[in-house]
Amino acid sequence: MFLKVVNTVLVTATLAGAVYLYNVKYEVAAYRTHLKTLENQVVAEGEAINDLNAEWSYLNRPERLKVLAGRYLALEPVHAEQIVTMENLPGRTRDFSPDLSAPLGGYAGIGSATSRIQ
Amino acid sequence: MSMFKRQPVVTPIGHGRAPVKAAPAGQGSGNMTAPVGSRARFVFVMAACSLCFGAITLRLVGVTALQPAGVVKSAGAAQKIRYKRPDLTDRNDIIMAKDLNKTSLYADSTKIIDVDEVVERLTAILPEIDPRRLRAKLAHKSKFIWIKRGLTPRQHARIFQLGLPGLEFERENSRVYPKGQIAAHILGHVNVDNKGTAGIEKYIDTIGLSNTDTLAPVRLSIDLRAQHAMREELIAAMKLYKAKAISAVVLDVHTGEVLAMSSLPDYDPNAPAKSLNKNTLNRMTAGVYELGSVFKAFTVAMALDVGAATLKSKYDARTAIKAASFKIDDFHAKRRILTVPEVFIYSSNIGAAKIALDVGMEQQKAFLKRIGLLTRLQTELPESRQPIFPKIWRPVNVMTIGYGHGLAVSPLQAASAAAALVNGGKLITPTFLKRSEAAALFSARQVLKPETSAKMRYLMRLNVTEGTARKADVPGYLVGGKTGTAEKATRYGYAKNKLLTSFMGTFPVNAPKYVILVVLDEPKGIEQTHGYATSGWNAAPVSAKIIARIAPMLGVLPVSNTAQPSSGAMLAAFEKEPR
């Protein structure tokens, strides 16, 4: 009787194992197909990026950009006289920094005077 | 559950073989008391079974574990065809050459059923294919016959839909140069197998940068914007002066990097067949020329450096020199005694010849060798040529080479020597790959005294403000340089009407960053130049136009015109602070 139970358990386990293995195997196969698809997609995307980089480089040919700039922009090559450095700028003619020591005149001065009285 | 029940085993003893044979196989396994004969048979069967299963196991391992290697092996043949190349970019990482995938068609003629059908159907889709040649090719039994490299996607789809056995497709790398002709001579080109056959493409193959697993982009020293601007000016100038050819180079004097180099006429590396035309040769590296008066810069530098002359030395240029069978005379003849700066700015042949004589034959040879003008200049570009100079150096050669005749060098070589003239005396081998100043200094050689270099900068500036190169000036960018007009050597001696004009200059001259060399081959005198075809009328103004366009791109800060130092003040400054 005991043997029977053991045998039943073993047979069931074997069958369950077989079913499980079957499922896992098919799952793996499905994953593998998916992986392959993704890998192919990655390669295809990489190639597309490569192609687009080449295309971008082609579209940015200096001679084409020149034509486009001539059509849409009112820009010209820069001339030497358009470039000025800081030290070549003329100095300030007036000093705009506030003089804190000078007495405040007008109403401002009156305001400060009244506040002092209080 | 009877199959789990142990059956009592009847062991027939002494019955010989027959009962064992009759016994069911499943029951024999537990039999430990089999007779000797049947035991031997049992061992034999077990061994046979083990062998069979062993073979199956081995095969299984072979098929599963070793199959990938087999796949790689079969792809290896195709790998040889597909030569992978790295991208080439300019110094600012702008792509100038790239591998793209293309589909190519090949045939396995052992699988073709009806050759005539294949030929007929294919020529309908690919009309450029000659049916007779294709039939001849396919008649030959081979597993691999190229039919067409580089199909359009539409052609690919149509051939695929034919469904003919024996027609196979191969994905291949093909090289494209998206910027077209702009830097043809630098980039070079590849053959149908994607292997480099010229220029940098060939170089990267020889040093093993291509067809590896990790293809890092190769960054060139070229600045695409400057290259384009320069080439555009050269195209315009070639047309304006009706020149046969024109070429130019811009070199960084501190790193030796070639920022821009162009030689017209050029070709499209995407269709390299035209590169076979002799006229499209890279005149900057693969051609050698007697550059004429620009060599006076080297002569004067030599005399100042070895101490054979100073800026105050005087030379008698009143009468032409008669040497051997010919006469050395001045083009801009002054007929008086000239100082060294005057010899330079009036481009006196007589003066330069006498300066060279003062230096002497041995010193001249040693100096020219030192600044790299007597040996072949080796850069990354495979196209190079040995300078041509007289085998036996006679006094007359000393004089003619003093003003640039009798020694033919490649223009790039001259530009690199000119960089040494102005950068403080360091000779740096030019490069077409991006390089830092520190790396350049590592291979640099001091060939001139820094003081000599400072004096040369002064003379070059003087020549632009007061001499033959006035048209080379660009306000703000302090151009200095030397013009050269050489009569081209022909079979019948020097031709009066066939000129090679050049301008060798530097900017900004107070602290040189770049050297420019422009060479025109047989420019004609035109209305705007009052019929003159000499360098000051063509090479110098072309250089000015190029500098005006590229200097802002290269980040050269202009000097405001009021702050521009006079030549005299400059000399004083140079003498105070030699650099």
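Tutor: Let us begin with the order of elements. From the N terminus on, chain A runs α-α-α. Please keep in mind that this is a predicted model.

Student: How many helices and strands does chain A have, and how many does chain B have?

Tutor: Chain A has 3 helices and 0 strands. Chain B has 19 helices and 18 strands.

Student: What share of the residues is buried in chain A and in chain B?

Tutor: A residue counts as buried if 20 or more other C-beta atoms lie within 10 Å of its own. In chain A, buried residues make up 2% of the 118 residues. In chain B, 45% of the 579 residues count as buried.

Student: Which residues have the most contacts inside the largest nonpolar core?

Tutor: They are B:Val249, B:Ala418, B:Leu517 and B:Ile547, in a core of 134 residues. Take B:Val249 as a case: leaving aside residues up to four places away in sequence, B:Val249 touches B:Val258, B:Ala260, B:Met261, B:Met284, B:Pro411, B:Leu412, B:Ala415 and B:Leu517. A second, separate core has 11 residues, including B:Leu105 and B:Ile112.

Student: How should I read contacts by their separation along the sequence?

Tutor: Consider the contacts in chain B between residues at least 6 apart in sequence: 70% of these join residues at least 24 apart.

Student: Which strands pair with β2(B), and in what sense?

Tutor: As a general idea, the side chains in a regular strand alternate between the two faces of the sheet. Now to the partners here. β2(B) pairs with β4(B), residues 167–176, in the antiparallel sense over 10 bridges, and B:Asp99 stands opposite B:Arg175 in β4(B). With β3(B), residues 145–151, β2(B) runs antiparallel and is joined by 4 bridges; B:Tyr106 has B:Trp146 of β3(B) as its bridge partner. Finally, 2 bridges join β2(B) to β1(B), residues 88–89, and these strands also run antiparallel. There, B:Leu88 stands opposite B:Ala97.

Student: How many residues lie between β1(B) and β2(B) in their hairpin?

Tutor: There are 5 residues between the two strands, and B:Asp93 in the turn has a positive phi of about 65°.

Student: How many residues does each chain give to the contact between them?

Tutor: The size of an interface is often given as the accessible area lost when the parts come together. Here we count residues instead: 24 come from chain B and 18 from chain A. On the side of chain B, the elements that give two or more residues are β2 (95–107), α9 (224–240) and α18 (539–553). β2(B) gives the most, with 4 residues. By class, this side of chain B has 15 nonpolar, 5 polar and 4 charged residues.

Student: What confidence does the predictor give to chain B and to the complex?

Tutor: Chain B averages a pLDDT of 85, and 87% of the residues score at least 70. For the complex, the predictor gives an ipTM of 0.72 and a pTM of 0.76.

How values were computed: Residues numbered from 1 in each chain as written. Chains lettered and ligands numbered in written order. Predicted model: local features only at pLDDT ≥ 70, side-chain atom pairs only at ≥ 80, totals over all residues. Contact = placed C-beta atoms within 7 Å. Nonpolar A, V, L, I, M, F, W, Y, C, P; charged D, E, K, R; others polar. pLDDT = per-residue confidence, 0-100. Pairing = 2+ DSSP bridges. Buried ≥ 20, exposed ≤ 12 C-beta atoms within 10 Å, placed from the backbone. Core = buried A, V, L, I, M, F, W, Y, C linked by C-beta atoms within 7 Å.
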